[in-house]
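This briefing sets out the fold, the chain interface and selected side-chain pairings of the structure shown below.

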Amino acid sequence: MSFFLTQTLTGLASASSLFLVAAGLTVIFGVTRVVNFAHGSLCMLGAFIGWSILTRLPRDPAWFALGVLATAAATALIGAALEIGLLRRIYRAPELFQLLATFGVVLVLADATLWLWGPNDLPLPRPPWLRQFVMIAGSRFPLFDLVLIAIGPLVLGGLLLVFHRTRWGVLVRAATQDRDMVAALGVDQRLLFTSVFALGAGLAGLGGVLALPAGSANLQIDLAVITEAFVIVVVGGLGSIGGAYLAAVLIGVLQAFGVVVLPGATLVLVFVVMAVVLVVRPYGLLGRDRGQSRTDAEAVILQRPAGPWQITAAGIGLALFLAAPLLVGPFGMAIATEMLVAMLFAASLHVMMGPGGMPSFGHAAWFGIGAYGAALLAQNLATPMPLALAGAPILAGLAAFAVGAFIVRLSGVYLAMLTLAFAQIVWAVAVQFVGLTGGDNGVLGVWPADPRGFYYVALALCVGGVLVLRRIMFSPFGFALRAGRDAPARAAASGIDMTAHRLAAFTLSGAAAGLAGAIFTYSKGSAFPTYISVSHSVDALIMVLLGGIGSLAGPIIGAIAYTGLFDLLLASDFWRARLGAVIIALVLFFPAGLAGWAERRR
Amino acid sequence: MTVLAVTGLQKRFGGVRAVDDVTFSIVAGEILALIGPNGAGKSTCFNLINGQIAPDHGTIHLHGRDITGLAPRQIARLGVGRSFQIAAGFASMTVRQNLQTAFAAHHRQSWRFWHDAMGAHIAEAEALLARVGLVAQADRAAGVLAYGDLKRLDLAIALAGAPGLLLMDEPGAGMALAERGALMRLVQKLAREDGMAVLFTEHDMAAVFAIADRVVVLNRGKILASGDPASVRADPLVQARYLGAGR
Ligand SMILES: Nc1ncnc2c1ncn2[C@@H]1O[C@H](COP(=O)(O)OP(=O)(O)O)[C@@H](O)[C@H]1O
Ligand SMILES: [Mg+2]
């Protein structure tokens, strides 16, 4: 009995901070329709700012409360600045670009935090009152956890009160229902949006600082928190605050029990819960269908097969790659291989996002499954390279099929968030299952028998892979897939099974990314968790968007340009901030990608 | 031979009874016009018949088989084609590719991964383009068509499925009078020669009375009157409620 009680209470306590962050995210989405990737970063800033404030204040509860409120106010201000400086300019951009721009903010804020507070974890020195326990059903329970448990429902109640009882709140709710109507009422939308964003950011900061006593301010908070927040928001229903609380409680309590019953499997457990909820209620516990997201219907331009000059350019490119061993040294060869792998990786994402119409923020998952699949096959089963290279895409394809079966029905934002969440889970498995994967040390010593000859294997597989994808995209399957993206109802009325086509494309795309991962593993001799990181997923996204999503040439150009660009950026400190700035600039100035930009200029 | 039989069909949206106890049937080769003011429930009827939404009550039978609750793609495969009030083509393809895609779907070839889609069904596509008057637009992107052409393309995609039952939601919208007349004659020819059953709505009463074999008048979800065009036109209730209102 006491076990159940204490685990439930522990779960409720962690649910409160999860809820604060997720509530902010969901409120911001409801009004602005922007999925704020930087929300975890605001939470992280809350932790660091809170640390700086609280360590300078007298250590009693009253000052603590004051410091917490000051932190929330500070992050709210940062949020307002972010909205005015960036988001306001991209409300009309496609969802994916908004996500990408806010990811640029994640990178910039990560380096800014590193620069301001240094690389070390900063735990909060805990005064006696923070260390107090109370006896509950015969076991000791931290007093502060009880405070947290109370804060969740209090904030929920406060938010509901504000949204239902104040004019501002009513306007926010109206804007959530119908943005144009509010504009018609003559309300200053800009002020409304900025204030909503500030509120959301303040909630994130509040969540960050309140988690401080039980942990520390550290640089991992941003991505860890955003993943959990995405899951909670999706499970609860996008835009629903009550749903966010329910989901936070569900997942917090489940994790608290999971840690005891199935240690190491909590993340998988979370994903299973999410899958079950989405199968039963595709729009989350308290969510509603908001209709097709905008990305699904827009950005459709005529897709043409390559013209003469494109084929010529591709021929010259191919000749250069063929001759590369004669032209460049070992470093150049490494970059050439990376470019080839990037090409296949980006082309596979293009299949999913372009013709498939399914934006993915977690494409590195399939790459990583292929990379680890090949590495583990080679290491543990002494599989020869050709078999490992064949097995990897099969594994990745099977995984993509299993995941896709749950999520391909969903629309834009949901897909982006869920693919990201799944990638984070794969990443966590790679890091945590040390016995199998070697954890952060990775799997080493996976070299091809003939490293020089391997370059040509990589060349053949990557170019061949891209050509196979291209052929499939111009087959009846590819056209039917595109038909379903362009006009879902029209396609269905012509007998096209859109869901099945999307699932097949999802699987195909995962398999191709898995092949890219396996080739990468053999070219580097190892597989590391970084292959599965969010930034690797974003690499692929940038390549596709850099090149333009309208044709397969886009991701290929993007992959080559980005791999070159990245090697330049990586050679310096604070590369993340630079990359983030590049992403933000790209979204602001080249929303159609480089290829799309060139197309328009012609 | 009865192609479509709709019995006691009902659909509510919140408090609105969009379709309320509607019963009618169509035989092969027959052209039935569904008319009524905006919001009468015509499009909802179409959406119910092609499976896009599920009815609250009532049944839909196709060739004697109960198809109530089937998905749109299943109903399409049973030979029901439709065009949309708000026409939509496959915007990222040329007009010809739109039809090639539709023909491939009709011939159950949408799962071919290795064939060249652009090399297949060319002759069929050209023939259909000629019938609906889109030859000049064949190589243009569907996304940039004028609305009248888009309506024609939408109809052509539906016809590519060689439907035994064709549903047309305001096919003539956005077209000049002569174009609309030509389109209606094409549909009439298909009905007469191939025995295709047609259910359509249209605001242009001249077009309706020119080709319809029978007319059903819908008002606020309910059937107000039905019968051959002449008697419906003469019906005092219809005169008062609908035709009299300046049309
Ligand atoms: N998806 C929907 N949700 C809510 N109400 C709807 C929906 N579709 C139609 N309606 C309502 O049902 C009624 C009938 O609409 P509709 O079938 O489009 O009429 P018509 O095609 O005859 O103009 C209208 O009052 C319309 O507002
Ligand atoms: Mg209508």
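In chain B, 65% of the contacts with a separation of 6 or more come from residues 24 or more positions apart. The model is predicted. Chain B contains 9 helices and 10 strands, and buried residues make up 54% of its 247 residues.

**Overall form of chain B**

- A compact globule of 247 residues would have a radius of gyration near 18 Å, and the value for chain B is 18 Å, which agrees.
- Taken along the principal axes, the C-alpha atoms of chain B fill a box of roughly 55 × 40 × 35 Å.

**Interface between chain B and chain A**

- On the side of chain B, 35 residues are in contact with 31 residues of chain A.
- The two chains bury an area of about 2,800 Å² between them, and carbon and sulfur atoms give 69% of this area.
- The interface of chain B and chain A holds 2 salt bridges.
- Four elements of chain B give two or more residues each to the side that touches chain A: helix 2 (72–77), strand 6 (80–82), helix 3 (95–106) and helix 5 (147–160).
- The residues on that side of chain B comprise 18 nonpolar, 11 polar and 6 charged.

**Salt bridges within chain B**

- Over all chains, the count of salt bridges comes to 17.
- B:Lys11 and B:Asp56 form a salt bridge through their side chains at 3.7 Å, N to O. B:Lys11 belongs to strand 1 (residues 2–13) and B:Asp56 to the loop between helix 1 (42–49) and strand 4 (57–62), so the pair ties together parts of chain B that are 45 residues apart in sequence.
- Within this pair, B:Lys11 is buried, with a relative accessible area of 14%, whereas B:Asp56 is partly exposed at 36% relative accessibility.
- B:Lys222 and B:Asp20 form a salt bridge in which the closest N and O atoms are 3.1 Å apart. This pair links distant parts of chain B, with B:Lys222 in strand 10 (residues 222–227) and B:Asp20 in strand 2 (residues 16–27), 202 residues apart.
- B:Asp20 is buried, at 6% relative accessibility, while B:Lys222 is partly exposed, with a relative accessible area of 44%.
- A network of salt bridges links B:Asp20 and B:Lys222 with B:Arg17.
- The side chains of B:Arg192 and B:Asp213 also meet in a salt bridge, at 3.1 Å, N to O. Because B:Arg192 lies in helix 6 (residues 177–194) and B:Asp213 in the loop between helix 7 (205–211) and strand 9 (214–219), the pair ties together parts of chain B that are 21 residues apart in sequence.
- B:Arg192 is partly exposed, with a relative accessible area of 45%, and B:Asp213 is partly exposed, with a relative accessible area of 29%.

**Buried positions in chain A**

- Helix 21 (residues 476–486) of chain A is mostly covered, with 11 of its 11 residues buried.
- A:Ala396 is placed in helix 17 (residues 385–407) of chain A and counts as buried, because its relative accessibility is 0%.
- Leaving aside residues up to four places away in sequence, A:Ala396 touches A:Trp366, A:Ile369, A:Gly370, A:Gly510, A:Ala511 and A:Gly514.
- The C-alpha atoms of A:Ala396 and A:Val279 are separated by 22 Å, and these residues are 117 residues apart along the chain.

**An exposed loop position in chain A**

- A:Gly138 occupies the loop between strand 2 (133–136) and strand 3 (139–142) of chain A.
- A:Gly138 counts as exposed because its relative accessibility is 66%, above the cut-off of over 50%.
- A:Gly138 and A:Thr6 are 132 residues apart in sequence, and their C-alpha atoms are 9.8 Å apart in space.

Technical notes: Residues are numbered from 1 along each chain as its sequence is written. Chains are lettered from A and ligands numbered from 1 in the order in which they are written. This is a predicted model: local features need pLDDT of at least 70, side-chain atom pairs count only at pLDDT 80 or more; totals for chains, interfaces and linings use all residues. Side-chain values use heavy atoms; hydrogens and water are left out. Contact means heavy atoms within 4.5 Å. Buried area is the accessible area (1.4 Å probe) that two parts lose on being put together, summed over both. A salt bridge is a side-chain nitrogen of Lys or Arg within 4 Å of a carboxyl oxygen of Asp or Glu. Ala, Val, Leu, Ile, Met, Phe, Trp, Tyr, Cys and Pro count as nonpolar, Asp, Glu, Lys and Arg as charged, and the others, Gly among them, as polar. The radius of gyration is taken over C-alpha atoms; the globule rule is 2.2 Å times the number of residues to the power 0.38. Buried means under 20% relative accessible area, exposed over 50%, partly exposed in between (1.4 Å probe, protein chains only).
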